[in-house]
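Please read the points below alongside the sequence and the model.

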Amino acid sequence: IAAGEVVERPASVVKELVENCIDAGAKKIDISIENGGITSIRISDDGAGMSREDLTRCILPHATSKICSAKDLESISSLGFRGEALASIAAVSTMHITSCNGEDSYKLSAKFGTITDIAPCGRARGTTCEVLGLFENTPARLKFLKKPKQEQAEITSAVISLIFSRPDISFTYSADGESIFNSGGDLYEAIYAVYGKEIADQLIYHERETDGFVIKGYLGKPGFSKHNRNYQTAIINGRVVANSTISIAASQAYGGLLMKRCYPVYVIFIKMPESDIDVNVHPNKKEVRFKDVNRVFSAVYRFFESALTLEKTHLDLSAENEEK
Ligand code: ADP
Ligand code: MG
């Protein structure tokens with residue numbers, strides 16, 4: 001895997017670093033960026049932390065604590081598994097990682113992948129990764145980036161997905177010193193914190209188990225939709241994935257309820273056997289492949305269809321009651 005495939009832009013750095021916090025069992029994650037993440041990205045967690053030895057290894061290529069044998073690849077439950085992210089990020093930036101595993105605390109500094117310093121420091125259990133001057137040594141890639149505001153928008157959208165994937169974790173997110181989100185609680189509270197009241201009010205909750213799939217989450221009421229797919233999030237076995245099968249199944253279930261060029265809004269969790277999906281398809285781990293696409297399609301379709309039918313029955317009944 002070439003380094004560029006994992007860290008294309010600041011948003012991919014944020015995603016990889018936050019995934020590491022989640023894998024470390026964090027309950028609180030603080031994200032702050034400056035200048036669209038190009039000047040600095042700082043991510044703190046209260047997770048397991050690292051020993052001095054692990055700290056010096058973590059930025060080496062292929063260093064991972066998450067799999068022990070090739071067999072583990074068949075059932076990946078952590079978000080990371082390739083040991084590629086920190087190495088790729090460190091190679092193109094100045095990094096400071098401070099970590100405490102409950103016993104010792106150390107601060108590691110590295111420039112363009114080479115360790116420049118490691119020294120004891122004081123901090124509570126957890127890890128802070130600071131990435132400064134991203135792509136400073138690769139001017140071609142720096143030039144390829146969009147304007148800071150657009151890079152920030154990409155980061156925001158990555159942060160939203162991460163917040164939805166783990167509503168139980170408290171997140172704070174700020175850009176250039178200004179607080180953007182402050183979330184924590186349940187999924188509804190996360191949606192409320194991110195999308196606001198207007199959208200949260202238009203959603204219904206539904207849960208359904210079919211054919212080995214458990215699907216639950218929020219979806220737009222029958223008349224509610226958006227002009228783009230930005231309000232669609234599917235989390236499969238804890239991982240936010242981009243997959244058109246799910247989006248198409250949702251649109252088809254809404255059918256005539258959607259106006260032309262409108263898309264349903266949803267944040268859903270899908271639980272399915274690990275062995276039915278392959279996440280080892282693309283370096284960004286966002287794309288997945290299903291063993292049986294039709295089964296996934298029909299489970300998702302039926303989830304939406306049953307939610308919408310229930311809601312319509314409910315609406316019809318209340319209209320009838322009102323008439324009476
Ligand atoms: P991967 O997540 O695929 O294992 P990474 O390059 O993202 O690879 O991280 C390398 C290793 O560094 C991880 O396996 C983990 O042991 C350690 N690590 C990284 N970030 C953290 C963190 N926030 N807290 C604790 N350990 C971490
Ligand atoms: Mg990782």
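1. Ser-44 stands opposite Thr-128 in S6. The strands concerned are S2 (residues 40-45) and S6 (residues 126-132), which pair in the antiparallel sense over six bridges. Two strands pair if DSSP finds at least two bridges between them; helices (H or I, at least four residues) and strands (E, at least two) are DSSP runs, numbered from the N terminus.

2. This is a predicted model: local features need pLDDT of at least 70, side-chain atom pairs count only at pLDDT 80 or more, and totals for chains, interfaces and linings use all residues. Residues are numbered from 1 along each chain as its sequence is written, chains are lettered from A and ligands numbered from 1 in the order in which they are written, and side-chain values use heavy atoms, with hydrogens and water left out.

3. What is the order of the strands in the open sheet of eight? The order is S5-S4-S3-S6-S2-S1-S7-S8, with mixed pairing. S5 and S8 (178-183) are at the edges with a single partner strand each, so one side of each has no neighbour in the sheet. On average, neighbouring strands are turned by 10 degrees against each other, direction ignored.

4. Helix H6 (residues 148-165) packs on this sheet and touches S1 (28-34), S7 (170-175) and S8; contact means heavy atoms within 4.5 Å. The direction of H6 makes about 175 degrees with that of S7. Axes are lines fitted to C-alpha atoms, for helices over the stretch in contact, and angles run from 0 to 180 degrees between N-to-C directions.

5. S4 (residues 105-111) and S5 (residues 114-120) pair in the antiparallel sense over six bridges, and Ser-109 has Asp-117 in S5 as its bridge partner. The two strands form a hairpin with two residues between them, and Phe-112 in the turn has a positive phi of about 45 degrees.

6. There are 10 aromatic pairs (rings of Phe, Tyr and Trp, its six-membered ring, with centres within 6.5 Å; planes under 30 degrees apart are stacked, over 60 edge-to-face, the rest tilted). One of them, Tyr-254 with Phe-304, is tilted, at 6.1 Å centre to centre and 50 degrees between the planes. Tyr-254 lies in helix H9 (residues 244-254) and Phe-304 in helix H10 (residues 293-323), 50 residues apart.

7. The charged end of Arg-52 sits over the ring of Tyr-106, 5.4 Å from its centre (CZ of Arg or NZ of Lys within 6 Å of the ring centre and within 35 degrees of the ring normal). Lys-226 lies over the face of Tyr-231, at 5.1 Å from the ring centre.
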